[in-house]
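I opened a new model today and kept notes as I went. Here is what I looked up, in order.

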Amino acid sequence: MEKKSEKKNKAVCLVALKSEKILLIKKQNFWILPGGHPEEKEEDLKCLERNLTEQLPCLRLGKPVFFGGFFGKSAFDSYNLEAVAYQAEIFGEIVPGENFSSSWFDNEELEEIVLSEITHKVVTKKKKKKRL
């Protein structure tokens with residue numbers, strides 16, 4: 001049986017807020033934070049920039065600040081995932097890349113959609129900090 005690489009068990013994601021809303025992208029049946037898995041020896045912020053280019057190509061990323069580390073089940077596979085979240089301003093138009101959709105969600109709207117386990121944990125932390 002093939003062992004999943006350590007890098008596949010890690011994700012780097014973006015927490016982007018605007019007017020008390022959070023930006024999420026839809027992948028399969030889940031709404032998740034923008035971001036993805038790092039390639040071998042790829043640093044977190046390079047990974048984030050690369051994935052944002054694919055998912056939201058018209059955006060530019062402001063200066064990312066570490067938001068926290070989160071653990072949970074991957075929404076798409078059965079393995080545990082470590083996610084490193086960075087918060088940053090974004091600039092430009094929200095135009096999703098091919099195979100993605102995206103939207104801003106407020107607290108009420110977040111209750112009506114299916115979030116991945118890790119995205120739910122990030123949103124919960126933002127709510128406790130009274131920033132969402």
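**Entry 1: the fold.** I noted at the start that this is a predicted model. I then looked up the secondary structure of the chain and found three helices and ten strands. I read their order along the sequence as β-β-β-β-β-α-β-β-β-β-β-α-α. Next I checked the radius of gyration, which is 14 Å. The globule rule gives 14 Å for 132 residues, so the chain is as compact as a globular protein of that length.

**Entry 2: box, burial and surface.** I looked up the box that the C-alpha atoms fill. Along the principal axes, that box is roughly 45 × 30 × 30 Å. I asked what share of the 132 residues counts as buried. I found 41%; here, buried means under 20% relative accessible area. The accessible surface of the chain comes to about 8,200 Å². Carbon and sulfur atoms hold 48% of that surface.

**Entry 3: contacts.** I took the contacts with a separation of 6 or more. Of these, 69% join residues 24 or more positions apart.

**Entry 4: the largest pocket.** I recalled that a probe the size of a water molecule, rolled over the atoms, shows where empty space is left. I looked up the largest pocket and found a volume of about 420 Å³. How many residues line the largest pocket? I found 26. Nearest its centre lie Ala11, Ile32, Gly36, His37 and Phe76. I then sorted the lining by type and got twelve nonpolar, eight polar and six charged residues. I also checked which elements supply at least two lining residues each. Among them are the strands β1 (10-15), β5 (35-36) and β8 (80-87).

**Entry 5: positive phi.** I reminded myself that most residues other than glycine have a negative phi. Then I looked up glutamate 20. Its phi is positive, about 60°, although glutamate 20 is not a glycine. Where does glutamate 20 lie? I found glutamate 20 in the loop between β2 (17-18) and β3 (21-27). Is glutamate 20 buried or exposed? Glutamate 20 has a relative accessible area of 59%, so it is exposed; the cut-off is over 50%.

I turned to glutamine 28 next. Phi of glutamine 28 is near 55°, again a positive value in a residue other than glycine. Glutamine 28 sits in the loop between β3 and β4 (30-32). Its relative accessibility is 58%, so glutamine 28 counts as exposed.

Note on methods: Residues are numbered from 1 along each chain as its sequence is written. This is a predicted model: local features need pLDDT of at least 70, side-chain atom pairs count only at pLDDT 80 or more; totals for chains, interfaces and linings use all residues. Side-chain values use heavy atoms; hydrogens and water are left out. On a 1 Å grid over the protein atoms alone, a cavity is a set of points where a 1.4 Å probe fits but cannot get out, and a pocket is an open set with protein on both sides within 12 Å along at least five of seven lines; lining residues have an atom within 4 Å of a point. Grid points are joined across faces, edges and corners, and a volume is the space filled by probe spheres set on the points. Helices (H or I, at least four residues) and strands (E, at least two) are DSSP runs, numbered from the N terminus. Ala, Val, Leu, Ile, Met, Phe, Trp, Tyr, Cys and Pro count as nonpolar, Asp, Glu, Lys and Arg as charged, and the others, Gly among them, as polar. The radius of gyration is taken over C-alpha atoms; the globule rule is 2.2 Å times the number of residues to the power 0.38. Buried means under 20% relative accessible area, exposed over 50%, partly exposed in between (1.4 Å probe, protein chains only). Contact means heavy atoms within 4.5 Å. Accessible areas come from the Shrake-Rupley method with a 1.4 Å probe; for residues, only the protein chains shown count as cover.
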